[in-house]
Amino acid sequence: MKVLEGKVWITGQGLTNACVGINDDGYIGAVKKILKGDVHTTTTDIILPAATDMHVHFRDPGNPEKEVWASGSAAAACGGVTAVIDMPNTIPPTNSPSHFEEKNNRASSNSVVDFGLGFYAYPGISKESWFKNMSPAFWKLYPYKFNWPEYQSTVNEIIANSPRPIVIHGEHPDYISYESLSSLSDHTENRSKAEKLCLEGMPNSSSLHVAHLSSQEGLDVLPSQASSEVCPHHLLLNLSCKVGIECKVDPPLRERNDNYALYDALRNGKIDILASDHAPHLMSEKSSAKPPSGIPGVETMIPLMLNEVAEDRLSLERLVSAMSEKPAERLGIQRGKLIPGNPADIITVDLKNKTKISLENLHSKANWTPFENWDAIFPSRVIRRGQLIATDGVLQEKKGGTSIFPPTL
């Protein structure tokens with residue numbers, strides 16, 4: 001048994017002087033005041049559960065110039081994330097058992113971190129012969145290519161026929177404009193009503209999860225039983241920031257008051273989960289006449305929010321809940337807490353060790369970030385199932401991630 005000793009985050013107790021015992025299989029064997037092990041490491045850093053990011057786009061298969069599993073998972077690992085859920089809008093989309101299995105095999109061969117896959121939802125999917133045998137991380141529904149009745153009925157169809165969550169891109173398809181843009185504010189105006197009107201029409205179900213909540217108006221009509229997530233860019237960036245069209249995202253950046261409302265909802269727990277919506281595109285695309293939507297973020301998410309904790313803008317309890325405990329709970333997986341029987345997915349952090357985010361140190365193939373020179377606190381160690389995979393933002397392993405939701409067909 002390996003033992004890591006220091007101030008350990010114990011759910012319900014907070015930081016407590018303790019030892020975490022890690023078995024040879026990579027799982028936690030014990031958490032006690034005193035433990036003896038074959039290798040004993042004492043740290044002055046705080047010991048936290050690693051993050052699960054349930055919203056990433058690793059672009060693999062389909063767009064290897066933007067990201068692949070190796071590069072995306074390296075970014076995740078160096079940012080303190082040891083498990084990710086990849087979205088299904090790849091090329092081809094993850095919308096059949098064969099495509100699911102193909103992507104699962106790609107990830108198994110190349111990912112540094114553990115992973116699950118979202119499955120592309122569409123009208124009538126529950127009538128497919130394989131539907132009830134599929135158990136993806138979740139079903140994901142996009143508002144593109146479907147009209148509003150189809151969008152609503154697909155949500156209700158999946159809620160009625162699957163135990164897995166339905167994750168929606170919460171924008172009403174009839175209120176998304178695709179007019180050309182001259183500025184970032186044009187994009188916001190083109191979709192100004194889409195989030196609110198979509199969420200007003202969603203069922204109040206515990207099976208519903210709302211991805212990347214972006215506005216106070218959307219927050220105000222969020223179904224009470226649904227879970228939701230917020231991304232750092234919707235907390236920290238807005239139209240008043242000095243950012244350009246490269247920060248076009250769906251749903252769009254909004255005003256400072258939306259930042260405040262979303263941040264307060266994260267603080268009080270109305271928003272359950274922190275997710276990155278890591279969506280890499282090359283700068284050559286982002287600076288074009290028709291820039292695609294999305295920004296990279298899986299590597300900077302936790303370091304940015306750890307800095308928010310250090311600046312007393314967010315409690316450590318809320319961050320650990322939103323980055324570790326609640327994603328695992330929502331996905332129904334045994335992770336997110338440092339307790340016996342869970343994978344030893346751990347980060348160690350010095351909350352006084354601030355650094356500036358520097359593009360040259362990041363790992364995404366997108367090769368840009370809107371958070372260049374922002375204050376951040378990177379984990380000193382990132383441990384995935386008992387194995388050290390990153391140290392101070394430097395990758396230590398190149399593979400070893402395993403599927404959390406393997407194909408069952």
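Reader: Quick one to start: is W374 buried, partly exposed or exposed?
Author: This is a predicted model, and in it W374 comes out partly exposed, with 30% relative accessibility.

Reader: Which residue does W374 form an aromatic pair with?
Author: That's F371. The two rings sit edge-to-face, 5.0 Å centre to centre with 85° between the planes. F371 is buried, at 2% relative accessible area.

Reader: How many aromatic pairs turn up in the whole structure?
Author: The search gives 10. One of them is F119 with W139: their centres are 5.1 Å apart and the planes stand at 70°, so that pair is edge-to-face.

Reader: Where do F119 and W139 lie?
Author: F119 is in strand 7 and W139 in strand 8, so the pair ties together parts 20 residues apart in sequence. F119 is buried at 0% relative accessibility, and W139 is buried at 0% too. Both belong to one aromatic cluster along with F100, W130 and F131.

Reader: And how do strands 7 and 8 run, parallel or antiparallel?
Author: Parallel, with 3 bridges joining them.

Reader: What's the strand order in the open sheet?
Author: It goes 5-6-7-8-9-10-11-12, with parallel pairing. Strands 5 and 12 are the edges, each pairing on one side only.

Reader: Which strands does helix 3 lie across?
Author: Strands 8, 9 and 10, and helix 3 runs at about 155° to strand 9.

Reader: Switching topic: why is helix 10 largely enclosed?
Author: Because 9 of its 10 residues are buried, including M301, P303 and E308. Just after helix 10, D312 takes a positive phi of about 65°.

Methods. Residues numbered from 1 in each chain as written. Predicted model: local features only at pLDDT ≥ 70, side-chain atom pairs only at ≥ 80, totals over all residues. Heavy atoms only, no water. Pairing = 2+ DSSP bridges. Helix = DSSP H or I, 4+ residues; strand = E, 2+ residues; numbered from the N terminus. Contact = heavy atoms within 4.5 Å. Axes fitted to C-alpha atoms, helices over the stretch in contact; angles between N-to-C directions. Buried < 20%, exposed > 50% of the residue type's maximum accessible area, 1.4 Å probe, protein only. Phe/Tyr/Trp six-rings, centres within 6.5 Å; stacked < 30°, edge-to-face > 60°.
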